[in-house]
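Please look through the structure below before reading on.

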Amino acid sequence: MLSISSDEYREIPNEQLANRPPFRRLRGYAFDPSLSLRLETAAINHAVFDIPWEQNLKPGPRGEYVEVVDYDPSSGCWYEPVDLNSTNILAQDGLAPSEGSPQFHQQMVYAVAMNTITNFELALGRQVLWSPKTNQGAEAGFQEEFVRTLRIYPHALRAANAYYSPQKKALLFGYFQGPTGTVFGCLSQDIVAHETTHALLDGMHRRYVEDNHADTLAFHEGFADLVALFQHFTFPEVLKHQIARTRGNLETQSLLGELAQQFGEATGRYGALRNAIGETGEDGVWRPVEPSPKRMQEATEPHERGSILVAAMFSAFLAIYKVRTKGIVTLATSGTGILPEGALHPYLVDALAKEATKTAKHFLGICIRALDYCPPFDITYGDYLRALITADFDMVPNDTHGYRVALIESFRRWGIVPEGLKTLSEEQLRWPYAKLEFDKAGPGEWNALSALAVDLKDLVSKALYLRDRKDVFDNLRAARLKAHAFLRSIFETRETLAQRENFMAVTGLNMKLDASVIGLRNKASGLPSFEVHAVLPTLRVTPDGQIMKQLIISMTQRLRKTPIDPQFPNKGCFDFRGGSTLIFDMEGERPTLRYAITRPINDVARLERIQAYKRNRAEQGMGLRDIYFSTDTGQYAAEPFCFLHGEH
């Protein structure tokens with residue numbers, strides 16, 4: 001799914017296109033350099049990444065998706081860019097892992113970033129786009145600028161920090177002096193994958209950095225950790241080694257469930273920076289983590305709360321791993337299910353490793369696909385659980401292995417329950433079919449939104465087959481403009497009040513002409529302003545070979561400068577948003593709206609909850625993160641992840 005620009009494509013002879021390699025093989029660290037200094041793990045810490053081949057990859061490396069810029073501001077030094085097309089480098093699967101080679105550092109960040117991007121594209125069924133640059137005050141995305149490459153700075157700062165910069169559209173990695181030498185963030189596969197995931201998530205949902213709920217920032221952190229963790233299972237030698245060491249029991253302490261070992265130890269922690277299944281106490285003893293709804297209620301710091309999402313997902317993964325390997329263990333033990341003492345047979349290790357890899361890939365795909373089923377802002381863990389269940393149901397209606405049951409059970413044990421649901425059954429957790437909502441709203445509204453999808457069908461279908469991502473961006477921006485004009489024409493011309501109310505019930509927007517709502521701006525026509533946040537086509541193939549074509553439209557609206565405390569306006573303000581994510585099935589003669597995930601702009605209860613959350617946070621004291629996420633413009637408002645990661 002990787003693309004090249006149309007101009008570059010025309011320059012490549014057909015024979016060269018037909019004969020180009022499918023992958024570029026690049027060596028790197030499976031975890032980080034510290035494991036190469038331990039006898040037990042040195043042999044498995046060097047991995048080879050199979051990266052989709054980029055024909056016009058330039059020195060840097062600089063390709064279609066990422067551009068490595070190796071300038072060290074602390075020393076004022078530019079490092080020579082690596083040329084991955086060099087014959088010597090190609091012949092040996094890239095440069096050998098080395099802490100002392102800046103060129104290997106460049107190769108490492110490129111390989112991990114591209115591996116993460118590839119996993120996203122496979123799950124989403126479309127090319128990924130970075131968050132665009134926008135001019136201040138842009139409405140409906142009319143002034144957005146395409147960002148072709150995410151810049152990666154391997155030696156951006158001399159500090160124990162690494163972060164994604166939404167302002168620079170860049171990943172910045174730090175380095176610092178640890179107890180046993182210099183620690184480079186860019187050499188940790190977990191850290192690079194984590195930061196790349198932040199950038200990819202921001203490209204899909206740029207409102208998820210607005211701190212309006214305890215879960216929102218925590219979701220950004222937890223989701224980035226999940227991607228990094230599940231990518232551990234793509235390295236066969238690492239997986240086999242750890243399965244042999246744990247005798248197939250992945251619930252015990254292993255490298256597979258840990259993140260950033262070297263970084264965690266160098267910054268004074270007892271072991272890895274974060275762990276999905278256990279914790280090492282001050283006494284140096286590792287203990288498995290126990291699900292606790294109380295911990296969910298008490299956790300407020302984004303990394304701490306994010307670890308709960310990771311633990312819930314990883315616990316579900318382990319449950320399915322047990323289910324999928326039960327038959328293998330039964331055969332290996334002559335029906336007892338109890339493995340004998342001693343080392344496991346290599347054939348048994350191979351069989352367990354294959355099931356672990358398959359299960360991890362399934363969970364990684366489920367996690368990523370669910371992003372299309374989430375609201376466009378103010379996400380909660382309950383929303384994400386519903387998105388996980390719904391997305392997996394659409395992809396695999398017959399859940400023979402019980403993936404969805406495992407997810408529900410694991411989230412329940414941690415006290416993650418969506419608001420407004422009486423039970424946690426799969427049927428209740430799936431987003432309701434939009435037809436139910438339209439039956440309440442009136443049949444006329446079904447026709448209007450269905451007509452919108454018909455109007456966009458040809459335009460967005462073209463985006464699935466364009467080679468150049470700039471053409472894809474322009475095509476989807478044109479679709480957003482067309483959708484905005486279509487909806488505006490409906491709301492400006494519709495005269496029947498009942499029909500207008502019904503339409504608003506489905507979309508979550510306030511489209512009353514000359515609405516007198518504080519914070520809601522009206523156009524010259526009297527129609528309140530709104531934004532078509534995203535128009536995204538997807539093309540996915542289900543496990544049974546069925547092609548699933550969908551169209552996702554997100555639209556939002558905001559009440560500007562809403563006071564945190566109406567009685568004391570000087571305490572600050574924020575933008576309160578409403579809107580929806582609409583998911584259409586594009587198969588058949590006429591598209592149909594399948595789901596409407598709605599956050600009404602007139603939801604007073606939700607507004608009061610956000611105000612209470614912000615007041616409570618202010619009363620607890622102004623930390624760096626509180627300053628950073630204020631509504632003031634300037635340096636702090638542009639770099640959330642710098643301060644979020646720096647505080648941790």
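In which loop does K169 lie? The model is a predicted one, and in it K169 sits in the loop between β9 (162–165) and β10 (170–178). The backbone angle phi of K169 is near 55 degrees, which is a positive value in a residue other than glycine. Another loop, the one between β2 (46–52) and β3 (66–68), holds P61. The peptide bond that leads from G60 to P61 is cis, and its omega is near -5 degrees.

Next come the helices. Two packed helices are described by the angle between their axes and by the distance between the axes. Take helix α7 (residues 236–246) and helix α11 (residues 346–369) to begin with: they pack at an angle of about 115 degrees, and their axes are 9 Å apart. The crossing in which α7 passes α11 is right-handed. On the side of α7, the contact is made by L239, K240, I243 and A244. On the side of α11, V349, D350, L352, A353, A356 and T357 take part. Sorted by class, the residues of this contact of α7 with α11 are seven nonpolar, one polar and two charged.

A further pair is formed by helix α10 (residues 302–332) and helix α13 (residues 403–413). Here the angle is about 140 degrees, and the axes lie 8 Å apart. Angles over 145 degrees would count as roughly antiparallel, and those from 65 to 115 as roughly perpendicular; α10 and α13 are therefore oblique to each other. The crossing of α10 past α13 is right-handed. From α10, the residues that meet α13 are L309, A311, A312, M313, S315, A316, A319, I320 and R324. Their partners in α13 are Y403, A406, L407, S410, F411 and R413. In this contact of α10 with α13, eleven residues are nonpolar, two are polar and two are charged.

Packing leaves gaps as well. Rolling a probe the size of a water molecule over the atoms shows where empty space is left. How many cavities of 30 Å³ or more does a search of the whole structure find? The search finds six. The second largest cavity holds about 70 Å³ of space. Its lining consists of R126, M204, H205, L371, D372, C374, H533, A534, L536, I552, S554 and T581. Of the elements, β16 gives the most, with three residues. The lining of the second largest cavity has six nonpolar, four polar and two charged residues.

Which helix gives the most to the lining of the second largest pocket? That is α19, with seven residues. By class, the lining of the second largest pocket has 19 nonpolar, eleven polar and 15 charged residues.

Conventions: Residues are numbered from 1 along each chain as its sequence is written. This is a predicted model: local features need pLDDT of at least 70, side-chain atom pairs count only at pLDDT 80 or more; totals for chains, interfaces and linings use all residues. Side-chain values use heavy atoms; hydrogens and water are left out. Axes are lines fitted to C-alpha atoms, for helices over the stretch in contact, and angles run from 0 to 180 degrees between N-to-C directions. Helices (H or I, at least four residues) and strands (E, at least two) are DSSP runs, numbered from the N terminus. Angles under 35 degrees count as roughly parallel, over 145 as roughly antiparallel, 65 to 115 as roughly perpendicular and the rest as oblique. A crossing is left-handed if the near helix is turned anticlockwise from the far one by less than a right angle, and right-handed if clockwise. Contact means heavy atoms within 4.5 Å. Ala, Val, Leu, Ile, Met, Phe, Trp, Tyr, Cys and Pro count as nonpolar, Asp, Glu, Lys and Arg as charged, and the others, Gly among them, as polar. On a 1 Å grid over the protein atoms alone, a cavity is a set of points where a 1.4 Å probe fits but cannot get out, and a pocket is an open set with protein on both sides within 12 Å along at least five of seven lines; lining residues have an atom within 4 Å of a point. Grid points are joined across faces, edges and corners, and a volume is the space filled by probe spheres set on the points.
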